[in-house]
Amino acid sequence: MDTIRVPGGKEGSMHAIIQTGGKQYRVAPGDVIRVEKLPFDPGSTIEFPSVLAVFKDGEVLTESQLGSAKVVATVTGADRSKKVVVVKFKRKKQYKRTIGHRQHFTELKVNEIVA
């Protein structure tokens, strides 16, 4: 038996776990995700060959079947996220410092999972 049955898996559903930017994302066709900044223009198509797992019809595909698996996505935009305010404070020393940071991201729409 090449596949492993996952309890609670829905028939007809398919999703994958991909890795990009040092993070892992669970994606399904039609999902819109925000990942670390990628050097692609809006409208371009990206293929993610680093697929860690594919769940198809409630079953997990094995490593031998993952060799040809890939996720195809389209870049929908790139921007910066909301500001995160970092406050540094040391009591009794009169030390206070406030720093703001906005992280760049790329927004992707997952088109298909090829497994």
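**Entry 1**

I began with Q94, which counts as exposed at 70% relative accessibility (buried is under 20% relative accessible area, exposed over 50%, partly exposed in between, with a 1.4 Å probe and protein chains only). I note that this is a predicted model, in which local features need pLDDT of at least 70 and side-chain atom pairs count only at pLDDT 80 or more, while totals for chains, interfaces and linings use all residues. Residues are numbered from 1 along each chain as its sequence is written, and side-chain values use heavy atoms, with hydrogens and water left out.

I placed Q94 in the loop between β9 and β10 (strands are DSSP runs of E, at least two residues, and helices are runs of H or I, at least four, numbered from the N terminus). Q94 has a positive phi of about 55°, although it is not a glycine. Most residues other than glycine have a negative phi. I found K92 in the loop between β9 and β10 as well. K92 is not a glycine either, and its phi is positive at about 65°. K92 is exposed, with 72% relative accessibility.

**Entry 2: the chain as a whole**

I counted one helix and eleven strands in the protein chain. Their order along the sequence is β-β-β-β-β-β-β-α-β-β-β-β. Of the 115 residues, 29% are buried. I also looked up contacts (heavy atoms within 4.5 Å): among those between residues at least 6 apart in sequence, 69% join residues at least 24 apart. The chain exposes about 8,000 Å², and carbon and sulfur atoms supply 51% of this area (Shrake-Rupley method, 1.4 Å probe).

**Entry 3: the core**

Which residues have the most contacts inside the largest nonpolar core? I recorded V27, F48, V51, V54, V71 and L108, in a core of 20 residues (buried Ala, Val, Leu, Ile, Met, Phe, Trp, Tyr and Cys residues joined through side-chain atoms within 4.5 Å). Elements that give two or more residues to this core include β3 (23-27), β5 (45-48), β6 (51-56) and β11 (104-114). I then followed F48: leaving aside residues up to four places away in sequence, F48 touches I18, T20, L38, K70, V71, A73 and L108.

**Entry 4: salt bridges**

How many salt bridges does the structure hold? I found three (a side-chain nitrogen of Lys or Arg within 4 Å of a carboxyl oxygen of Asp or Glu).

- K23 pairs with E36, the closest N and O atoms being 2.5 Å apart. K23 lies in strand β3 and E36 in strand β4, so this pair ties together parts that are 13 residues apart in sequence. K23 is partly exposed at 38% relative accessibility, and E36 is partly exposed at 25%.
- R34 and E107 meet at 3.5 Å, N to O. This pair links distant parts of the chain, with R34 in strand β4 and E107 in strand β11, 73 residues apart.
- E47 pairs with K70, with 3.4 Å between the closest N and O atoms. E47 is in strand β5 and K70 in strand β8, 23 residues apart.

**Entry 5: T74**

I located T74 in strand β8. The side chains of T74 and N111 are joined by a polar contact of 2.6 Å (a pair of N or O atoms within 3.5 Å, one able to donate a hydrogen and the other to accept it; residues adjacent in sequence count only if both atoms are side-chain atoms). Residues up to four places away aside, T74 touches several others, among them G43, S44, T45 and L108.
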